[in-house]
Amino acid sequence: MAELVKVAVDAMGGDFAPAEPVKGAVEALQENEKIFVYLVGREEEIRRELRQYTYPEERLSVVPASEVIETGEPPVAAIQKKKDSSLVVGLTMVRRGEADAFVSSGSTGAVLVGGQAIVRKIKGVERAPLAPLIPTEKGVSLLIDCGANVDARPNHLVQFAAMGSIYMEYVMGVRKPTVAIVNIGAEEEKGNALVKETFPLLRACKDIHFIGNIEARDIPKGKADVIVTEAFVGNVILKLYEGVGSVLIHKVKEGMLSSLRSKIGALLVKPALKQTLKSFDASEYGGAPLLGLRGLVVKTHGSARAVEIRHSIQQCLQFREQALNEKIQQYLTDPSAEK
């Protein structure tokens, strides 16, 4: 039997903990025999949720952690003070090699701080970016960074582009992924100082398939596989993307139920429409990995339901099987090596 990929799940993180993290973990176990899950958190609450489900008990273990880091707490202080929190315990398991990956819907700040302080960065990685997959007309693109580094420098963005390219090629199977940097126009001379300084650096990288600037309106069209930006802009893009997507889905459903004629039409197009809308549901693509760490750390939305957590756990299997961290390390050691 193949070695199991061990994923520690923060059972106390997020708006719907522990119910949704537990449900998502159980669903992941039921779908894939290669996964082992550690549910980290308050044992009594976790076991109460588990009683609702039938699952392979030999592939699930509850790891007690008595404390919870709340969303509003200062991340650094919380990581330092709450050593027995589900978040710190889970990250420590990854650092010690007891788990291959950690998935959390908890405080983004605490995950970012804890990931870099506890799991620690790969040697040579200057900044660890958050990199979610976003749906596009052509499939998905990787948005990097979306929330970890608001004060990024040009050399950081170049490294983001490299790590994003490795992710898209080996995890998503995109051969020679195209890379673009977010700007307010297609012309090279446009943009702020950061973008203007980064552009020629990316163009000079022979191992990165840089295609130039990309405007925000072209991101949903899938004009680049890797979308490079600093965290402030990236987070705004991500949140607007999610908000517009949610509103459009709501308005389409509302329109379909507005009259008897539309309801009849809705029945006819329901299968195709359901599949189309599903492809634009961000939760179908899992969470955002914090790339460049020595272990795998995946951050899901604070409002994540079981489906997003399930997909995030399955993401970890892909990351592990494709040796994502090892390939990033190899690139940093020898950028000229064939990716």
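Two strands pair if DSSP finds at least two bridges between them. The model is predicted.

In β11, F102 has V297 as its bridge partner. This contact belongs to a set of four bridges that join β4 to strand β11 (residues 296–299). The two strands run parallel.

β4 also pairs with strand β1. Strand β1 (residues 5–10) and strand β4 (residues 101–104) are joined by three bridges and run parallel. Within this pair, V9 has V103 of β4 as its bridge partner.

These strands are part of an open sheet of six strands. The order is β3-β2-β1-β4-β11-β10, and the pairing is mixed. β3 (60–64) and β10 (288–289) stand at the edges. Each has a single partner strand, so one side of each is left without a neighbour in the sheet. Strands of a sheet pair through backbone hydrogen bonds, either parallel or antiparallel.

How are the faces of β4 placed? Both are covered. A101 and V103 lie on one side, F102 and S104 on the other, and all are buried.

A19, V22 and V26 in α1 meet I46, E49 and L50 in α2.

The loop between α2 and β3 holds E58. Is E58 buried or exposed? At 60% relative accessibility, E58 counts as exposed, because the cut-off for exposed is over 50%. E58 and V228 are 170 residues apart in sequence. Their C-alpha atoms are 42 Å apart in space.

β5 and β6 form a hairpin with two residues between them. Strand β5 (residues 133–136) and strand β6 (residues 139–144) pair in the antiparallel sense over four bridges.

The loop between β6 and α6 contains N149. What does N149 touch, leaving aside its neighbours within four places in sequence? Its contacts are R127, A128, P129, F160, E230 and A231. N149 is buried, with a relative accessible area of 4%.

## Helices α6 and α7

Helix α6 (residues 154–170) and helix α7 (residues 193–203) pack at an angle of about 50°. Their axes are 9 Å apart. α6 and α7 are therefore oblique to each other, and α6 passes α7 in a right-handed crossing.

Which residues form the contact? On the α6 side they are P154, L157, V158 and A161. On the α7 side they are L194, E197, T198, L201 and L202.

## Cysteines

How many disulfides does the structure hold? It holds zero. C146 is in no disulfide, and the nearest cysteine sulfur, that of C316, is 16 Å away. From the other end, the closest cysteine sulfur to that of C316 is in C146, at 16 Å. That is too far for a bond, because a disulfide needs the sulfur atoms within 2.5 Å.

Are C146 and C316 buried or exposed? C146 is buried, with a relative accessible area of 4%. C316 also counts as buried, at 0% relative accessibility.

| Residue | Relative accessible area | Class |
|---|---|---|
| C146 | 4% | buried |
| C316 | 0% | buried |
| N149 | 4% | buried |
| E58 | 60% | exposed |

Terms used
Residues numbered from 1 in each chain as written. Predicted model: local features only at pLDDT ≥ 70, side-chain atom pairs only at ≥ 80, totals over all residues. Heavy atoms only, no water. Buried < 20%, exposed > 50% of the residue type's maximum accessible area, 1.4 Å probe, protein only. Axes fitted to C-alpha atoms, helices over the stretch in contact; angles between N-to-C directions. Parallel < 35°, antiparallel > 145°, perpendicular 65-115°, else oblique. Left-handed = near helix turned anticlockwise from the far one by under 90°. Contact = heavy atoms within 4.5 Å.
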